[in-house]
Amino acid sequence: ALAPMHVAPLTQLIAALTGEPVGSHIIVEPNRISAETDFMTLHNEGRVERRVAFVWHLDENWQAGDGGELGLVCPEEGGEHLIPPVFNTLTLLRLHGPAATSLHAVLPALGPGERERFLVTGWFMLRLD
C-alpha cells in the first residue's frame, strides 16, 4: 500500500517543493494513536541524512478539538504554527538550512473515548544515487 512513496516522480516532486536534495531512499513508519497519552514532546528530526520529514494523515473522522496537531517552531518571527491532522494531507518538514522546520511536537490526541487514529510518518533521505 505504501509502494507509491518509493517512486521517482514523488521524490522529484518533494525535491522541487522543498529545495532539498532527496534520493530514492525513504523510511516509512505506519503509526496508530489510540489514547490522549500518545503525543511527542518538542524534538528535532534534523539528522544529517534526513532531509525532509513527512506526516501523511489518514484519520477520516478527525475534527477540530480532537488534538494531535503538529506544532512547528519555525525560524521566522512569529513562526509557531499548529497543523491539524486533516484526512489525506501530506505535511512536509524541511530539516536543514535557513528555512528548516525540524523543531516540532505532536499535541496529545483528545478525541472521544477509545477511538484510534492512523498516520504514516517518515523521512526522505539525502540523495544516495
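## Threonine 91

At 9% relative accessibility, threonine 91 counts as buried, where buried means under 20% relative accessible area, exposed over 50% and partly exposed in between, with a 1.4 Å probe and protein chains only. Threonine 91 belongs to strand S6. Helices (H or I, at least four residues) and strands (E, at least two) are DSSP runs, numbered from the N terminus. Not counting residues up to four places away in sequence, threonine 91 touches Ala53, Phe54, Val55, His57, Leu70 and Ile83; contact means heavy atoms within 4.5 Å. Leucine 70 is 21 residues from threonine 91 in sequence, and their C-alpha atoms are 9.2 Å apart.

## Basis of the model

This is a predicted model, in which local features need pLDDT of at least 70 and side-chain atom pairs count only at pLDDT 80 or more, while totals for chains, interfaces and linings use all residues. Residues are numbered from 1 along each chain as its sequence is written, and side-chain values use heavy atoms, with hydrogens and water left out.

## Overall make-up

Of its 129 residues, 40% count as buried. Among contacts in the protein chain with a separation of 6 or more, 82% are between residues 24 or more positions apart.

## The sheet

An open sheet is formed by four strands in the order S1-S8-S3-S6, with antiparallel pairing; two strands pair if DSSP finds at least two bridges between them. Strand S1 (22-33) and strand S6 (90-94) stand at the edges with a single partner strand each, so one side of each has no neighbour in the sheet. From one strand to the next the twist averages 20°, where axes are lines fitted to C-alpha atoms, for helices over the stretch in contact, and angles run from 0 to 180 degrees between N-to-C directions.

S1 and strand S8 (residues 117-126) pair in the antiparallel sense over nine bridges. In this pairing valine 28 stands opposite glycine 122, and glutamate 29 has threonine 121 as its bridge partner. S3 and S8, also antiparallel, are joined by seven bridges, with tryptophan 56 opposite valine 120 in S8.

## Strand S8 and threonine 121

Eight of the 10 residues of S8 are buried, so the strand is largely enclosed by the rest of the structure. Threonine 121 lies in S8 and is buried, with a relative accessible area of 17%. Leaving aside neighbours within four places in sequence, threonine 121 is in contact with Ile27, Val28, Glu29, Asn31, Phe54 and Val55.

## Nonpolar cores

A nonpolar core is a set of buried Ala, Val, Leu, Ile, Met, Phe, Trp, Tyr and Cys residues joined through side-chain atoms within 4.5 Å. The largest has 12 residues, including Ile33, Leu70, Leu93, Val106, Trp123 and Met125. S3, strand S4 (70-73) and S8 each supply at least two residues of this core, and S8 gives the most, with three. Apart from it lies another core of nine residues, among them Leu10, Ile14, Phe54 and Phe124.

## Aromatic pair

Rings of Phe, Tyr and Trp (its six-membered ring) pair if their centres lie within 6.5 Å; planes under 30 degrees apart count as stacked, over 60 as edge-to-face and the rest as tilted. By this rule there is one aromatic pair. The ring centres of phenylalanine 54 and phenylalanine 124 are 5.2 Å apart and the planes stand at 50°, so the pair is tilted. Phenylalanine 54 lies in strand S3 (residues 50-57) and phenylalanine 124 in S8, so the pair ties together parts 70 residues apart in sequence. Both phenylalanine 54 and phenylalanine 124 are buried.

## Arginine 50 and tryptophan 123

Arginine 50 is in strand S3 and counts as buried, at 12% relative accessibility. Its charged end sits over the ring of tryptophan 123, 3.7 Å from the ring centre; a charge sits over a ring if NZ of Lys or CZ of Arg is within 6 Å of the ring centre and within 35 degrees of the ring normal.

Not counting residues up to four places away in sequence, arginine 50 touches Glu45, Leu95, His96, Trp123, Phe124 and Met125. With neighbours within four places in sequence left aside, the contacts of tryptophan 123 include His25, Ile26, Ile27, Glu29, Glu45, Arg50 and Leu95.
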